Amino acid sequence: MDAVISKGIKLSYKTAEGADFIDLADLQNIPDLGGDTESIEITTMDSEAHEYTEGILNYGDTLPFTFLYKTEQFNTLKGLKGQIISWKVTLPDSATCTFDGKGSVKLAGVGVNNALTYTLNIKPSSEMAWG
């Protein structure tokens with residue numbers, strides 16, 4: 001069986017005014033995509049053990065994407081802060097995950113003789129749709 005490797009994964013975005021998704025360059029890492037259903041305790045005084053039911057899906061508070069630092073893209077993403085943006089992750093086999101959320105960027109700490117990187121943190125505000 002051939003494995004799908006990470007080479008070629010893309011993150012792109014679209015603003016409310018944009019018609020097409022714009023690919024971001026120099027992506028290094030992506031977070032887990034998808035979520036876990038929260039548990040809601042429904043134990044009563046008559047229960048023999050703790051009982052739970054499924055709650056809502058939780059994608060996490062923030063989704064961190066890491067990039068090599070390039071001034072123009074960093075500044076473009078900085079300028080989108082506070083806006084709800086449509087995001088799309090495209091995998092090498094053409095599967096996609098789309099969702100909306102607000103992004104913010106943060107320059108990563110750096111030591112001697114290291115490449116500069118930054119993190120785009122996205123707070124999801126919609127369901128994730130897989131296609």
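Predicted model: local features only at pLDDT ≥ 70, side-chain atom pairs only at ≥ 80, totals over all residues.

Reader: Take F99. What does it touch, leaving out residues up to four places away in sequence?
Author: F99 touches L63, F65, I85, S86, W87, I122, P124, S126, E127 and M128.

Reader: Switching to aromatics. How many aromatic pairs in the whole structure?
Author: Five. In one of them, F67 and Y118 have ring centres 5.3 Å apart and planes at 15°, so the pair is stacked. F67 lies in β6 and Y118 in β9, so this pair ties together parts 51 residues apart in sequence.

Reader: Is F67 buried or exposed? And Y118?
Author: F67 is buried, at 0% relative accessibility. Y118 is buried as well, also at 0%.

Reader: And how are the rings of Y69 and Y118 arranged?
Author: Their centres are 6.4 Å apart and the planes are at 90°, so that pair is edge-to-face. Y69 sits in the loop between β6 and α1, 49 residues from Y118. Y69 is partly exposed, with a relative accessible area of 26%.

Reader: Which residues form one aromatic cluster?
Author: F67, Y69, F74 and Y118.

Reader: Last one, the surface. What makes the nonpolar patch of about 250 Å²?
Author: L107, V110 and L116. L116 is in the loop between β8 and β9 and is partly exposed at 37% relative accessibility.

Conventions:
Residues numbered from 1 in each chain as written. Heavy atoms only, no water. Contact = heavy atoms within 4.5 Å. Patch = residues over 30% accessible without salt bridge, like charges linked within 9 Å, V, L, I, M, F, W, Y side chains within 5 Å. Areas by Shrake-Rupley, 256 points an atom, 1.4 Å probe, with all protein chains shown as cover. Salt bridge = Lys/Arg side-chain N within 4 Å of Asp/Glu carboxyl O. Helix = DSSP H or I, 4+ residues; strand = E, 2+ residues; numbered from the N terminus. Buried < 20%, exposed > 50% of the residue type's maximum accessible area, 1.4 Å probe, protein only. Phe/Tyr/Trp six-rings, centres within 6.5 Å; stacked < 30°, edge-to-face > 60°.
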